[in-house]
Amino acid sequence: MNKTKHYLKIVISGHVDHGKSTLIGRLFYDTDSIPEEKIKEIKEVCRQLGREMEFSFVMDNLQEEREQSITIDTAQTFFKTPKREYVIIDAPGHKEFIKNMITGASQAEAGVLIVSAKEGAEEQTKRHAYILKMLDLKQILVVINKMDLVDYKRQKFNKVKKQIEAFLKKLNLKPTFIIPISAAKGDNIAKKSKKMKWHKGKTLLSSLDSFKESKKITKAPLRFLVQDIYPINQKRILVGRVESGTIKKGQKVLILPSKETAKIKSIEVFMKKPTSASAGQSIGITLEEDLFIERGAVICTQKDQPKVTDEISANVFWMSKKDLKRGERIIIKNVTQETEGEIKTISNKIDSSTFKKISAQARILKNNEVGEVKIKIDEPIAIDDPNQIKETGRIILERDMIACGAGLINIEEK
Amino acid sequence: MFIIIGIDALEKKLVEKFNCSHLKQKYYGQTNIKEYRQPRTLVLWSSFLAGKNLEKKIVALGNKKMWNFKLKKSETFFADPKKTKAIDVPGYTYNKKQHRDERQMLRDFFEQKISIEEFDRPIFTHFRKIKKQFINDLKKDYDILMAYFDIADVIGHLSFGNTIKMKMIYKNLDEIAGIASKKAQKMLVISDHGMKSIGKFGDHDEKHGFWSTNFKIALKNPKITDFAKIITKNS
């Protein structure tokens, strides 16, 4: 089970009209990651309709297949280069875009922000950049798309590049690469563009190939969050994902919030009997002790424990047309932990598209506003500093089963 | 200019699914065609043009002669305005040969005489021809300009289950509506009936058609025949 993975999880975000679907379609096409006959059919219908090949339909096809297939990871699609495989998290068009952006993208290792060379950064671009910041991604790539529509002009690229750099700087984000591309025409995606010889940097695919897969979380403190419990052959198998660190057979662990201790009896993976499992792996475990454990339990070690608390402070990005109100009761989710709570205070409000401070203290948080929110929760949960462990350092706020907000937890030292 | 885009078998669910904002325009909904025994192309479009139910009259001609039915200008909402044009509209300016060939090809496909590609090709060719003519005519100053597109119906019969193909067609029709909307003072997008899935194939929806306008109409559950008066009043 210690086998190193050879894939990189990326999230592609940006304004809805700036060419995300076309870019994803192009990535699949240029890496031969889609059946040839499907490409042939799409090409033929485009031709019959008197148009050039439209790569966004490749994306539609992937989405269609995804909707029809019964898979657990419905929001993930794959393409590969000779170096490794890529997982695109939260392909565009998904109905629960924002929810996936935060929950699915919580495992992202790199982010691609797409901006149209014609339109430049718009409000949505800035909001998505804010989300990338919330995801704490260190590897960010900006693609300035639709260069074909601005005659591949360097000046236009530089103008948009400057604009992007300026607003990313306000967020303390520094993109590793900023690449001029045309997803529709294939410029600087897999091959260097002949029309933009002035661009001396890498192509999109070679830039992605230069990103590093995150390995460090396997060495981080153990966090295994129980997703479900399956009684199989008189064994109680605790199923879940190792969110960080490594879990080993024979290891002594602490179960939170009950604070019971236990010893790992076995690690269960279909048709295998591994002795350890690392961050990112979905596994089952059994314990030597017969303990009553429920969904949401956090398994860690005595040495590196998360904070168990009934009060959470988080920087919340609110994404619902119905305001978040002080005093409102709401559902709080942290990986598989779930509880209800009451909004106690809202402070330091800012606008996510202008990054301007709105007010120090507030009664409500409106759509697309970010604020520091304090919540008193009904049942204590185990949380981490997102700078230490991303996965348990974030919360989702839900109202009527719909994710309305996402937040980065502030751990206050007492 | 009052522009009418007639689209055979335009299905409301797909217009919404594919987010075809130009086809939807400002106001949209379904027409009620339950009064017709069958959603026949010629019957529904002729009734639309005349503003009255012509099913009895047309069906009485029999299955073969029915296709020769043709309304006079004076019997349609094209009667009063000076400058009008109707491109390939069933029951009026219909290209009989083209549509007879299309029906024959459908039979040929089910008798396994031709492949789906062979079936599709002339349909697309005809579509491109009508599209080109319509876009050209948009530059002229008509009182009423109407074009009829049968691609969603004919291709849909064999490929309704192929979502990507249908999306590509709907998006193209949406683009046409977008171009037309820039020229239209008033615009109506109308279909005779919708379409439902029969496995990978498609069949006519017998209960509803589709309508959309860029202006408010005072109809709650419109019939396809209700629009003639509106067109006359607004053109």
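**Domains of chain A.** I looked up the domain assignment of chain A and found domain 1 (7-210), domain 2 (217-300) and domain 3 (307-409); such bounds come from an automatic or database domain assignment. The model is predicted, so I note that local features need pLDDT of at least 70 and side-chain atom pairs count only at pLDDT 80 or more, whereas totals for chains, interfaces and linings use all residues. Residues are numbered from 1 along each chain as its sequence is written, and chains are lettered from A and ligands numbered from 1 in the order in which they are written.

I then took the pair formed by domain 2 and domain 3 of chain A, whose centres, over C-alpha atoms, are 28 Å apart. Here 14 residues of domain 2 of chain A are in contact with 11 residues of domain 3 of chain A (contact: C-beta atoms, placed from the backbone, within 7 Å). On the domain 2 side, β7 (223-232) and β8 (235-244) of chain A are the elements that give two or more residues. The most come from β7(A), with four residues. I recorded the classes on this side as seven nonpolar, four polar and three charged residues. Ala, Val, Leu, Ile, Met, Phe, Trp, Tyr, Cys and Pro count as nonpolar, Asp, Glu, Lys and Arg as charged, and the others, Gly among them, as polar.

**Chain A as a whole.** I counted seven helices and 23 strands in chain A; helices (H or I, at least four residues) and strands (E, at least two) are DSSP runs, numbered from the N terminus. Of its 414 residues, 46% count as buried. A residue is buried if 20 or more other C-beta atoms, placed from the backbone, lie within 10 Å of its own, exposed if 12 or fewer, and partly exposed in between. Among contacts in chain A between residues at least 6 apart in sequence, I found that 68% join residues at least 24 apart.

**Chain A against chain B.** Chain A and chain B each bring 10 residues to their contact. On the chain A side, α2 (36-48) and α3 (56-68) each supply at least two residues. That side divides into five nonpolar, three polar and two charged residues.

**Helix α3 of chain B.** Is this helix, residues 41-50, enclosed or open? Nine of its 10 residues are buried, so α3(B) is largely enclosed by the rest of the structure. The buried residues include W45(B) and F48(B), and they pack against β1 (2-7), α4 (55-59), β5 (186-190) and α10 (227-234) of chain B. After α3(B) comes G51(B), with a positive phi near 75 degrees.

I found α7 (residues 116-137) and α8(B) packed at about 175 degrees, with axes 10 Å apart. Axes are lines fitted to C-alpha atoms, for helices over the stretch in contact, and angles run from 0 to 180 degrees between N-to-C directions. The two helices are therefore roughly antiparallel (an angle over 145 degrees). Among the residues in this contact are F119(B) and F127(B) of α7(B) and V154(B) and L158(B) of α8(B). By class I noted eight nonpolar, no polar and one charged.

The axes of α8 (residues 151-159) and α9 (residues 163-183) of chain B come within 10 Å and cross at roughly 175 degrees, and these helices are therefore also roughly antiparallel to each other. In this contact, I151(B), A152(B), I155(B), G156(B) and S159(B) meet K165(B), M166(B), I169(B), Y170(B) and L173(B). I recorded seven nonpolar, two polar and one charged.

Terms used: Contact = placed C-beta atoms within 7 Å. Parallel < 35°, antiparallel > 145°, perpendicular 65-115°, else oblique.
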